[in-house]
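Thanks for coming. I will take a few minutes to walk through one structure, and you can follow along on the screen.

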Amino acid sequence: MVLEGNPEVGSPRTSDLQHPGNKGSCILSSPGEEVLPGEEPIKYGELISTPLVSKALSNRGQHSISYTLSRSHSVIVEYTHDSDKDMFQIGRSTENMIDFVVTDTSPGGGATEGPSAQSTISRYACRILCDRRPPYTARLYAAGFDASSNIFLGERAAKWRTPDGLMDGLTTNGVLVMHPAGGFSEDSAPGVWREISVCGNVYTLRDSRSAQQRGKLVENESNVLQDGSLIDLCGATLLWRTPAGLLRAPTLKQLEAQRQEANAARPQCPVGLSTLAFPSPARGRTAPDKQQPWVYVRCGHVHGYHGWGCRRERGPQERECPLCRLVGPYVPLWLGQEAGLCLDPGPPSHAFAPCGHVCSEKTARYWAQTPLPHGTHAFHAACPFCGAWLTGELGCVRLIFQGPLD
């Protein structure tokens, strides 16, 4: 995703509004008749509004956040324009104010489909504010503005007053962030997951994803996105890469060169003695090719496809490796083609288990050690290329190829 644009948002201005019942109203009168001096305009009637209707909320040109404390009391925070920042919004909604639309990702790869699938991603999940001047710092905030330029936090949403008297709150399912230790490089290690508030403050995680009690404020951490920061929206996890970080990532040309180099080594099936080759990415991931490498994910031995050695009493994909006799899943190998997910341009030497996506050793080990949020309070490592949950002791395996006999 490339962020570039010119939205309008800025500094907050707070007004505490007390609503005595439902007395807010909109008067309907004749706009076209000329009113003579001393005469009153014709009053046709009034529409009685809800407690949340105010001048700030009804003005589409005024960005505001509404914190509902009770049926008769809410706090409206108004935002002014800031010409030094760009704002980008992310969410499930396909409305124009959402810059990047995201859908739920199911374990095993692909977006959740079907009318029965209940999405847990908010329509207006989060927003990113970027400085227009170097070093172009990007900051993450929970929740996004809707078509009326408003953010509503209802009575059940976690909200509170900060020590300096301002309001802050959390969205229903939360916006989580994890900054990797050591940046997104060969020396990276997973960081600690935190929750980001509507005002961009950092908190420890709640007991469960939608609990009303917030975590503890983490004062020595910020909402500034770093190269390799992970943003979880409760149904989809996004990876933030900086321009400088992407310069260190492998290019698509490098990945293609690695594929051709691996095929030029002419790896062979140790049993069938057929030559194996990774298919071209242009072919797409459909049915495996006849020369497709397959792997026993427990031991890493690479073979061509064969139909024997099944151990169906353990599962439909369970096979016995003819070389070491270990029994486990037997799956085709696919080269990972999203360069931004790779920590380094190393050779494709490891595969994730059980999906079979191939990448460098350091990339495989990093993602296998990175727990991603799942459900209300669970975490599970997953393949970055397809989202499949990783299995086995390490989550990945070193590939063992056999070279040509000649």
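First, the ground rules. This is a predicted model, in which local features need pLDDT of at least 70, side-chain atom pairs count only at pLDDT 80 or more, and totals for chains, interfaces and linings use all residues. Residues are numbered from 1 along each chain as its sequence is written, and side-chain values use heavy atoms, with hydrogens and water left out. Helices (H or I, at least four residues) and strands (E, at least two) are DSSP runs, numbered from the N terminus.

Let us start with C342. It sits in the loop between β22 (334-335) and β23 (350-352). Is C342 buried or exposed? C342 is buried, because its relative accessibility is 6%; buried means under 20% relative accessible area, exposed over 50%, and partly exposed in between, with a 1.4 Å probe and protein chains only. Contact means heavy atoms within 4.5 Å.

Strands of a sheet pair through backbone hydrogen bonds, either parallel or antiparallel. Here two strands pair if DSSP finds at least two bridges between them. An open sheet of 4 strands runs in the order β22-β24-β23-β27, with mixed pairing. β22 and β27 (396-398) are at the edges with a single partner strand each, so one side of each has no neighbour in the sheet. β23 and β27 run antiparallel and are joined by 3 bridges; A351 has V397 in β27 as its bridge partner. Helix α4 (residues 361-368) lies across β23, β24 (357-359) and β27, at about 30 degrees to β23. For that angle, axes are lines fitted to C-alpha atoms, for helices over the stretch in contact, and angles run from 0 to 180 degrees between N-to-C directions.

Now helix α3, residues 252-264. Which of its residues are buried? They are L255, Q258, R259 and N263. Seen down the axis, the buried residues of α3 fall within an arc of 130 degrees, so they line one face of the helix; the arc is that of the directions from the helix axis to the C-beta atoms. K253, E261 and A264 are exposed on the other side of α3. β22 is among what covers the buried residues of α3. Just after α3, R266 has a positive phi of about 50 degrees.

Last, the rings. Rings of Phe, Tyr and Trp (its six-membered ring) pair if their centres lie within 6.5 Å; planes under 30 degrees apart count as stacked, over 60 as edge-to-face and the rest as tilted. By this rule there are 11 aromatic pairs. W294 and Y305 have ring centres 4.7 Å apart and planes at 50 degrees, so that pair is tilted. W294 is in strand β18 (residues 294-296), and Y305 is in the loop between β19 (302-303) and β20 (318-320). The rings of F352 and F385 are 6.3 Å apart at their centres with planes at 55 degrees, so this pair is tilted. F352 and F385 are both buried.

The other sheet is also open: 4 strands in the order β19-β18-β21-β20, with antiparallel pairing. Its edge strands are β19 and β20, each pairing on one side only.
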